[in-house]
Amino acid sequence: MPYIFGYLSLINSDSVRFSTQDTAQNLLVPARLSGYRRVWTSYRHPTLQSPKHYIYLNTLEDVRCFSWATLAPAPGFVNGVCFEIDANDIVHVDSREVGYTRTEITESLKPYQGFHLKSGEPVYTYLSPPGRLNLLYPKTVPHISADYINMGFLGALFVDTLAPGFYNDYTATTDPVEAAISDIRQVFWGDDGRRLYLLDEKDSSVILLHDFGHAVFLAHSGNDIHLGRNSTPSLAAQDLRAVAKDPHSPYYECMHCHEEEIGRRLASPDPWTSVYLLKNPALTTEHAAQIRRSGHFLARLILNYAT
């Protein structure tokens, strides 16, 4: 089976599990990749058609420019972990790493002492295309999720218990963050293109934001593995999986109130209200138009695919 070399979020065991549908912890191989360094210059400028977004949790508005980690050519090495993956599961990782290019690096890897890679199996990693710069909004400071940054450092601490020195190598081969570090959350599509989720990168938990009932986005699989993920504790009241079953939830009321009540609720300062009003079958085209004109990004994103 081929290997994937992860150098930030894929160092985190929970993140690996939901990319490969396997905990795979017994298969982790800490390794050094020569000729690269970890940097923060994979800039993204999402549109309504993008598969992933970041939003500000207090307003549900989108982050116009954000960045992720990538690897840049440099003297020395960068460290990470290799894990085996079934060849049929590569499509799941490809879809998760959209915007990156899967690149074979087999000949440039050296496992940490006491670890070994199976001979003859290829190793891939994911790199941003060269020249992905902040061109669309050159005066905009890109944002980066604080939890995303910490995910790598926490993963490195865990791997250090298996391969002493891993954490020190991680910090030494990681550039300082130049983007604005923010409390932002990732919004992404499930593998079957039917559901929209909000990810908490601290623990890889999610909340279900909207279920469209059928595929409305590019599907990579008929199986949505994210539906079984743990609910983010701090946002459990906003998780559609819970809201749909709790008649005492104010958001449940949004989903079931009468047409004349919808207009009043649209005036609520709570940005989550409009998200759940969009699940109300009594919502009229006039209500939808009002949300398009004055609603926040998340509601507009849902509307873009609901109609």
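Trp189, Phe212, Phe217 and Tyr305 are linked into a cluster by ring pairs. Here, rings of Phe, Tyr and Trp (its six-membered ring) pair if their centres lie within 6.5 Å; planes under 30 degrees apart count as stacked, over 60 as edge-to-face and the rest as tilted. The model is a predicted one, in which local features need pLDDT of at least 70 and side-chain atom pairs count only at pLDDT 80 or more, while totals for chains, interfaces and linings use all residues. Residues are numbered from 1 along each chain as its sequence is written, and side-chain values use heavy atoms, with hydrogens and water left out.

The structure holds 13 aromatic pairs. Strands (E, at least two residues) and helices (H or I, at least four) are DSSP runs, numbered from the N terminus. Both Tyr54 and Phe66 are buried; the term buried means under 20% relative accessible area, exposed means over 50%, and partly exposed lies in between (1.4 Å probe, protein chains only).

The nonpolar interior may be considered next. In soluble globular proteins, nonpolar side chains tend to be buried together. A nonpolar core is a set of buried Ala, Val, Leu, Ile, Met, Phe, Trp, Tyr and Cys residues joined through side-chain atoms within 4.5 Å. The largest such core has 43 residues, and those with the most contacts inside it are Phe5, Cys82, Leu109, Tyr148 and Phe166. Among the elements that give two or more residues to this core are β1 (3–6), β2 (29–44), α3 (146–160) and α4 (166–172). Its largest share, 8 residues, comes from β4. Leu109 touches Phe5, Ala31, Arg32, Leu33, Cys82, Leu117 and Val123, not counting residues up to four places away in sequence; contact means heavy atoms within 4.5 Å. Apart from this core lies another, of 40 residues, which includes Leu196, Val206, Ile262 and Trp272.

Charged side chains complete the picture. A salt bridge is a side-chain nitrogen of Lys or Arg within 4 Å of a carboxyl oxygen of Asp or Glu, and a search of the whole structure finds 17 of them. In one, Arg102 and Asp94 meet at 2.9 Å, N to O; Arg102 is partly exposed at 35% relative accessible area, and Asp94 is partly exposed at 28%. Asp200 and Lys202 form another, at 3.4 Å, N to O, where Asp200 is buried at 3% and Lys202 is partly exposed at 49%. In a further bridge, the closest N and O atoms of Arg241 and Asp239 are 2.7 Å apart. Salt bridges that share partners also join Asp147, Asp183, Arg185, Asp200 and Lys202 into one network.

What is the nearest side chain of opposite charge to Arg229, which is buried yet has no salt bridge? That side chain is Asp203, 7.4 Å away; Lys and Arg count as positive and Asp and Glu as negative, while His and the chain ends are not counted. Arg229 is found in the loop between β12 (205–211) and α5 (240–243), and its side chain reaches the backbone oxygen of Ser204 at 2.7 Å.

Technical notes
A polar contact is a pair of N or O atoms within 3.5 Å; within protein, one must be able to donate a hydrogen and the other to accept it, and residues adjacent in sequence count only if both atoms are side-chain atoms.
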